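Student: I am new to this structure. Can we go through its terms one by one?
Tutor: Gladly. Here it is.

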Amino acid sequence: MKIRILSLIAGIGLLAGCSANSTHNADPVEEKINSMLSGMTLEEKIGQMQQVNDGFFGDDEATKQAIREGKVGSFLNMVDAKRVAEFQRVALEESKHGIPLLFGRDVIHGFRTIFPIPLGMASSWEPDLAEKAMRIAAVEASSMGINWTFAPMMDVTWDPRWGRIAESCGEDPLLAAEFAAAMVKGFQGDLSDPTAVAACAKHFVGYGMSEAGRDYNTTYIPEPLLRNVHLRPFKAAADAGVLTFMSAFNDLNGVPTSGNEFTLKQILRDEWDYKGMVVSDWGSIPEMINHGFAADTKQAAEIAAKAGVDMEMATTCYAENLKTLVEEGVITETQIDNYVGNILRVKQDMGLFEKPYDNHVSTDTILAPTHLEVSREVARKSMVLLKNKGNTLPISKSIRSLAVIGPLSDAGRDQLGTWIFDGQGEDSTTPKEAFEKILGSRMNYAEGLEYSRDKSTKGFAKAIAAAKRSDAIIFFAGEESILSGEANARGIIDLPGVQTELITELKKTGKPLILVVMAGRPLGIGAEMDMADAVLYAWHPGTMAGPAITDLVFGDYSPSGKLPVTFVKGAGQIPFYYYRKNTGRPATENDVTYIDDIPRNSKQLSLGFKSMHIDYGITPLLPFGFGLSYTEFEYNNLKLSAHEISADGTIFVSADIKNVGNYEAEEIVQLYIRDKVGSITRPIKELKGFKKINLKPGNEKTVNFELKAEDLQFFNGKEYVIEPGDFYIWIGPNSEEGLQDTFVLK
Ligand code: NOJ
């Protein structure tokens, strides 16, 4: 091997360094924590390590008594500002140590004002916008007494079967990392402010690789993949000051992640020096019994505690067993002090000891017009134009008549997506309402199908009649909220029900057919894309789906979203992700013999001995980073400040992007590299940067990127390295196209 390993830098760069909140040692906060701990009994300490669901102790009187006795450190799912304030008062004024409580809730993509699902937000490639949205979510949630959210979820996934892909930011570690950091900042804001909501980096770690996309399933992730991909968003969140982490459900390489010393202790605490607190996922400690990793709840408590889970969510392995484990000398009280110290530090960082608990922000903020406006903006920017034959879109507001059809056309709740405990369908503006507002009686409405899984064709005739009366058809296809999200895995990722059949019938009318897809995952929509003239992928857009869609359909704005995840042709192609390896037998399009072209009595042993599918070929339906616009952008003049870079150097890379079409529009410009030869094999492309620009027709901008040698660092199974050698570099509009050059790392 000719490659010289330049640096052993596990302590710097992408996956190391100090966490933002690692400066606590020996400061007054630590002294306060230590003095509190020294006055607490073991039972009271264990009480802090317990989080329970609302109602766990019985009625409110029983709950107060449990708080007074120090039996609980946190509640989840209490969303009544008055009750929360009263319980907090009891904790601060009537419990022995006056330790405040954390009130947790899954505020994932909005509280009452719902923003697009995270996968949609990621399609905006605008982390600042997600920060703004999550700040609003925090303002609304904190007005109901919530001071901790279990978000953002930053699990990287390649699997559209996995229902929780909806909650993810897609397949790329850099994009996921940027969004993770931004959302943490949004939720937490200024910690001294009453609207601050502690964020939670979840699910640590590897949960997105659940085999076959089946939720809670086993994961096998080799250490290079774990470090080069899955850990990166978590490190970014830690660096952004996230106050809490959540251990996951999955078994990672044989060790459940809620009892995994390698990830929770070695990586999180020792390598990253993370000082925040770790909460288990709901029941993930006793589930180690099902995993076959613990014999009983006592052993499960021991394993989780030794790995460093500070707080147990919902179940009571700690409450029932930790005292005995300490008395038996299996866990030391010093260890318990560390865990409780982590919990107290979060409460201290949040200012909960000092903040007035009954002085909540006004609930007038809920669904405030400014919040709805941001929701509309995020929704608009999250939608991705996948096809636009002959400029079918935009359509004119003075169109004579438009048929609005489809199961997702007027589904207030189902446009909100998964994980909306507090969002309400009645708050939504649906596409039907938004189109009607603009078109009035020029809208011909017919639902066609009552819901996405509807198998009845009884509504077809009306829908076809509406289509025939209209100048164009807009069909709202997709899947309702319950088909994605936790536990909602699908083995078949096509449009459910008889939607395809209805689309086929509508196509026969010969009218321009626009498909808007609302879904929690990238669906297999190849056949429907072929039939449609235009396709807008809207994900689950949230409260303001309707106005955001009319903004785009009528051309007030150009679509600007780009895919944060590869679209596969069908479930059999999974996993298919852009940073795959080249293999020893890479195929080109010319190498593919498709199944229908194989001679009836072929005597061939193989169809070319190449890595390909004889039905899907070698390309996905749509590549990562892809998205069309109403205008066209031209990429020119790729320039590198140098074609050689030293191990501590930087090169500046730029390209000129010109709007050569007729619409003002935003473009997401992407920077990719490929490390040609490595001490372990390297992906065929890696995203290293992205920028969003806005250009008026005819205008041009030079987009600059800075690429540091340390951005080329990776973990090779033994250590972090920056290896000399040749690289390709691209600036382009997606992961498959772009201007290409090369450089050498010396
Ligand atoms: C289980 C989920 O995995 C997690 O994401 C969520 O925060 C908790 N339940 C609490 O609801």
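Tutor: Start with a cut-off: buried means under 20% relative accessible area. Note also that this is a predicted model.

Student: Why is Phe-743 called buried?
Tutor: Its relative accessible area is 1%. The limit is under 20%. Therefore Phe-743 counts as buried.

Student: How do you know whether Phe-727 is buried or exposed?
Tutor: Use the same test. Phe-727 has 1% relative accessibility, so this residue counts as buried.

Student: What makes Phe-727 and Phe-743 an aromatic pair, and why is the pair called stacked?
Tutor: Their ring centres are 5.0 Å apart. Rings pair if their centres lie within 6.5 Å. The structure holds 31 aromatic pairs.

Student: Which parts does the pair of Phe-727 and Phe-743 tie together?
Tutor: Phe-727 belongs to strand β25, and Phe-743 to strand β26. The pair therefore ties together parts 16 residues apart in sequence.

Student: What sits over the ring of Phe-715?
Tutor: The charged end of Arg-227, 4.8 Å from the ring centre. The distance limit is within 6 Å. Lys-432 lies over the face of Tyr-445, also at 4.8 Å from the ring centre.

Student: How many cavities of 30 Å³ or more are there?
Tutor: A search of the whole structure finds five. Among the residues closest to its centre are Gln-48 and Ile-67.

Conventions:
Residues numbered from 1 in each chain as written. Predicted model: local features only at pLDDT ≥ 70, side-chain atom pairs only at ≥ 80, totals over all residues. Heavy atoms only, no water. 1 Å grid on protein atoms, 1.4 Å probe; cavity = no way out; pocket = protein on both sides within 12 Å on 5 of 7 lines; lining within 4 Å. Points joined across faces, edges and corners; volume = space filled by probe spheres on them. Phe/Tyr/Trp six-rings, centres within 6.5 Å; stacked < 30°, edge-to-face > 60°. Helix = DSSP H or I, 4+ residues; strand = E, 2+ residues; numbered from the N terminus. Buried < 20%, exposed > 50% of the residue type's maximum accessible area, 1.4 Å probe, protein only. Lys NZ or Arg CZ within 6 Å of the ring centre and 35° of its normal.
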